[in-house]
Amino acid sequence: MSIFVPESPGLLLAANSTIPTMLKQILAKIPRKSTKSNPTYSDGNNSTTTDVNNNGSFTNTCNVISSRLNVVKKMSSSIFPTSGNNNDMIQPHLPFKDVQNSDKLKLLISKLNLCSKIYDFNDQDKDITSKDQKRQILIEILDFLVSESIKLSEPAMSAICRMCGANLFREFPPKPNGCSPRGESEDDDLWFDPAWTHLQLVYEILLRFVSFSSLDPKTAKLYIDHSFLLKLLNLFDSEDPRERECLKSVLHRIYGKFMVHRPFIRMGVSNIIYKFVFETEKHNGIAELLEIFGSVISGFALPLKKEHKIFLLKALIPLHKPKSIGVYHHQLTYCVVQFIEKEPKLTSVVINGLLKYWPVTNSQKQLMFLSELEELLELIRTDEFEKIMVPLFRRISCCLDSYHFQVAERAHFLWNNEHIHHLIMCNRQVIMPIVFSSLQRNSNNHWNRTVLNLTQNVMKMFHEVDEQLVVSCQGKFEEDKSATTAVAERRRLTWEHLEEVAGGGGGGGGGFRLPVVGSVSGLEKSGATCVVSC
């Protein structure tokens with residue numbers, strides 16, 4: 001066996017120093033065994049150790065996921081609160097004094113949710129305990145809202161509106177076809193809602209809610225929206241006068257608080273009036289709606305918007321047409337007067353509207369119209385008066401000699417008003433010839449002594465101001481009376497002549513045949529002449 005011996009000792013030293021370096025590089029390239037290898041590919045003790053490590057890692061991962069889910073849940077509950085979360089809600093039967101201040105709003109929401117349940121009050125013996133319990137909770141809620149100066153959260157606002165809507169918004173039974181709207185003498189037939197013990201408290205809670213000084217309209221309008229307001233307006237048709245009174249207060253507060261809703265409320269009220277006047281003539285809340293609008297109109301800015309003038313012309317003036325005007329005439333007159341005070345040049349337009357709907361046969365409505373007319377004439381300017389004085393006093397002249405003595409009295413009372421008396425006397429050349437014939441007929445043969453005395457007083461006023469005009473009108477009245485008498489006499493003689501001709505038709509048995517309309521042949525054959533003045 002031969003051994004290789006290097007020729008040079010330097011080469012041997014270089015080889016010895018290079019080998020360890022090469023071994024290190026080779027070992028570094030070999031892949032090392034992972035301590036976290038798959039347990040399927042492990043055995044013995046290494047497998048047990050690896051399983052323990054993996055189980056610990058899995059447990060830590062689950063804890064991290066669970067903690068993150070809890071964070072997400074807390075964030076979602078703060079953004080989208082739910083009333084059904086039993087962990088956050090408090091038992092509604094607890095009194096407010098027994099919970100901390102931080103939990104009072106949660107308790108309030110819990111009580112509101114409980115009060116959203118509706119009970120049948122048509123059966124007084126059903127759910128008596130539950131009804132009493134709900135009433136007590138409603139009282140607690142109202143006392144809390146009145147006594148505590150709190151700032152309501154959005155979940156609390158939502159719960160209040162939801163509870164009020166559940167209790168208040170309901171459909172009224174349809175009115176029978178023969179049922180007329182409320183009249184002047186229907187106080188004995190008033191209907192009261194059997195659920196008023198609950199409804200009254202709900203209305204007071206809603207009124208307190210919209211009256212909160214800390215209530216932000218921008219936030220609250222998300223819950224008191226157009227749908228809420230429309231359903232609220234529909235409740236004015238309730239037959240219970242107590243409910244309409246509460247609605248009036250609530251709507252007035254909402255109109256003042258939520259400026260963004262004012263146009264919608266005005267439009268909703270206009271639609272109710274349109275339907276009442278032109279379709280059904282059946283609605284129980286017109287008086288209350290007009291009472292609200294009386295204060296609304298007084299706040300209109302000048303000059304009046306076109307929308308407001310349309311409301312006057314298309315809604316308020318046609319309200320003089322229905323037969324049930326006596327229910328709301330006082331409020332209607334106030335609204336009309338508010339418009340005239342805002343813009344006096346509308347007076348002639350309003351009076352022409354009254355003349356359009358003037359009642360000819362209804363004496364009670366005539367009294368109301370005369371009363372309203374006096375209020376309008378007190379505000380009218382001279383130039384506006386001159387536009388309407390001829391048609392106006394033709395109508396007043398018919399009232400002066402009315403057989404209904406109260407109507408005649410009320411028409412004469414216009415002369416007692418100082419402003420109206422001044423307008424009449426300034427335009428006596430036009431007005432006196434129109435009313436003189438009615439005054440003269442009253443002086444001659446009116447059956448009521450009071451009317452007779454009032455007529456004499458009016459005639460005396462005209463005599464004192466312009467006696468010559470009175471004499472002239474007297475002469476014209478006598479001429480017209482003579483002409484009327486002559487025409488009546490001719491008509492009487494003509495009918496007598498026709499009766500004689502008809503009765504003496506001769507022996508032919510045919511007698512006298514009345515002439516066919518549009519033909520005079522019958523009169524020509526009989527020798528009669530038609531002298532009737534038509």
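Residues are termed buried under 20% relative accessible area, exposed over 50%, and partly exposed in between, as computed with a 1.4 Å probe and protein chains only. The structure is a predicted model, in which local features need pLDDT of at least 70 and side-chain atom pairs count only at pLDDT 80 or more, whereas totals for chains, interfaces and linings use all residues. Numbering runs from 1 along each chain as its sequence is written, and side-chain values use heavy atoms, with hydrogens and water left out.

By this criterion Cys-473 is buried, with a relative accessible area of 8%, and Cys-161 is likewise buried at 8% relative accessibility. A search of the whole structure finds 0 disulfides, a disulfide being a pair of cysteine sulfur atoms within 2.5 Å. For Cys-161, the closest cysteine sulfur belongs to Cys-164 and is 6.6 Å away, which is too far for a bond.

Surface patches were assembled from residues with over 30% relative accessible area and no salt bridge, joining like charges within 9 Å and nonpolar side chains within 5 Å; a salt bridge is a side-chain nitrogen of Lys or Arg within 4 Å of a carboxyl oxygen of Asp or Glu. A negative patch is formed by Asp-120, Asp-123, Asp-125 and Asp-127. Asp-127, located in the loop between α3 (104-114) and α4 (128-147), is partly exposed, with a relative accessible area of 35%.

A nonpolar surface patch comprises Tyr-403, Phe-405 and Trp-447, which together have about 390 Å² of accessible area.

Definitions and conventions
Accessible areas come from the Shrake-Rupley method with a 1.4 Å probe; for residues, only the protein chains shown count as cover. Lys and Arg count as positive and Asp and Glu as negative; His and the chain ends are not counted. The place of a charge is taken as NZ of Lys, CZ of Arg, CG of Asp or CD of Glu. Helices (H or I, at least four residues) and strands (E, at least two) are DSSP runs, numbered from the N terminus.
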